[in-house]
Amino acid sequence: MTDSPQQTLDDAAAVLRSALHGDCDAVVGTFDAVVDRAGLVGAYDVAWCLAATMVGDSVPQGACALDFPGIDQAGYDARWVARFVSAYANSDLDTAEALFGAAAADGQLPECLLTLAGSTVATLRHRAG
């Protein structure tokens, strides 16, 4: 069973609050609690909320690439975040789910989610000026 939409938003807000304070352990702890309560589906839903926060409302659907110059030189987590957020922006659920599943299977999901939280905070700070 998955969380309610409000619970997912509350969890995403908790992740962002922790990331804003630079508390990586709390970010990981929140994701761990979500997985304990709602499984990987719950963690996916929180990650989807973070991607939505990062993208915002002003990106035209289908306008984001999954590959970028030099992306293969980036670390696994940075490539994953770029591609996951692009999949969100393109409303490409199949790709987002495949990326999430691959990161979990590769044992990289915790680092990817931590990087996603940090990238979301960096984007919010950039927008705020």
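I started with Thr 30, which is buried because its relative accessible area is 15%. Here buried means under 20% relative accessible area, exposed means over 50%, and partly exposed lies in between (1.4 Å probe, protein chains only). Before going on, I noted that this is a predicted model, where local features need pLDDT of at least 70, side-chain atom pairs count only at pLDDT 80 or more, and totals for chains, interfaces and linings use all residues. Residues are numbered from 1 along each chain as its sequence is written, and side-chain values use heavy atoms, with hydrogens and water left out.

**Entry: Thr 30 and the overall fold**

I placed Thr 30 in helix H2. Helices (H or I, at least four residues) and strands (E, at least two) are DSSP runs, numbered from the N terminus. I then looked up what Thr 30 touches, leaving out residues up to four places away in sequence: Asp 11, Ala 14 and Val 15. Contact means heavy atoms within 4.5 Å.

I listed the elements next. From the N terminus on, they run α-α-α-α-α. Of the 129 residues in the protein, 37% are buried. I also checked contacts with a separation of 6 or more: residues 24 or more positions apart account for 70% of them.

**Entry: the salt bridge**

How many salt bridges does a search of the whole structure find? I found one. The rule asks for a side-chain nitrogen of Lys or Arg within 4 Å of a carboxyl oxygen of Asp or Glu. The partners are Arg 37 and Asp 11, with their closest N and O atoms 2.3 Å apart. Arg 37 lies in helix H2 and Asp 11 in helix H1 (residues 5-20), so the pair ties together parts that are 26 residues apart in sequence. Side chains of opposite charge can pair when their charged atoms come close. Asp 11 counts as buried because its relative accessibility is 8%. Arg 37 is partly exposed, with a relative accessible area of 39%. Asp 11 had already come up as a contact of Thr 30.

**Entry: aromatic rings**

I counted seven aromatic pairs in the structure. Rings of Phe, Tyr and Trp (its six-membered ring) pair if their centres lie within 6.5 Å; planes under 30 degrees apart count as stacked, over 60 as edge-to-face and the rest as tilted.

Is the pair of Tyr 44 and Trp 48 stacked or edge-to-face? Their ring centres are 5.7 Å apart and their planes are at 20°, so the pair is stacked. Both residues lie in helix H2 (residues 24-55), four residues apart, about one turn of the helix. Tyr 44 counts as buried because its relative accessibility is 11%.

The rings of Trp 48 and Tyr 88 have their centres 4.8 Å apart and their planes at 70°, so this pair is edge-to-face. Trp 48 is in helix H2 and Tyr 88 in helix H3 (residues 76-89), so the pair ties together parts that are 40 residues apart in sequence. Tyr 88 counts as partly exposed, at 21% relative accessibility. I then noted one aromatic cluster, formed by Tyr 44, Trp 48, Trp 80, Phe 84, Tyr 88 and Phe 100.

**Entry: helix H3**

The expected span of a helix is 1.5 Å times one less than its number of residues. For the 14 residues of H3 that should be 20 Å, and the end C-alpha atoms are 20 Å apart, which agrees. I looked up buried residues in H3; among them are Trp 80, Val 81, Phe 84 and Ala 87. The buried residues of H3 pack against H2, helix H4 (93-105) and helix H5 (109-128). Ser 91 follows H3 and has a positive phi, near 55°.

**Entry: helix H4**

The 13 residues of H4 should span 18 Å, and its end C-alpha atoms are 18 Å apart, which agrees. Which residues of H4 are buried? They are Ala 96, Leu 99, Phe 100 and Ala 103. These cover an arc of only 95° around the axis, which puts them on the same side of H4. The arc is that of the directions from the helix axis to the C-beta atoms. Asp 94 and Ala 105 are exposed, on the face turned away from the buried side. The buried residues of H4 pack against H2, H3 and H5. Just after H4, Gly 107 takes a positive phi of about 75°.

**Entry: cysteines**

I looked for disulfides, pairs of cysteine sulfur atoms within 2.5 Å. The count comes to zero. Cys 24 is partly exposed, with a relative accessible area of 44%. Cys 112 counts as buried, at 0% relative accessibility.
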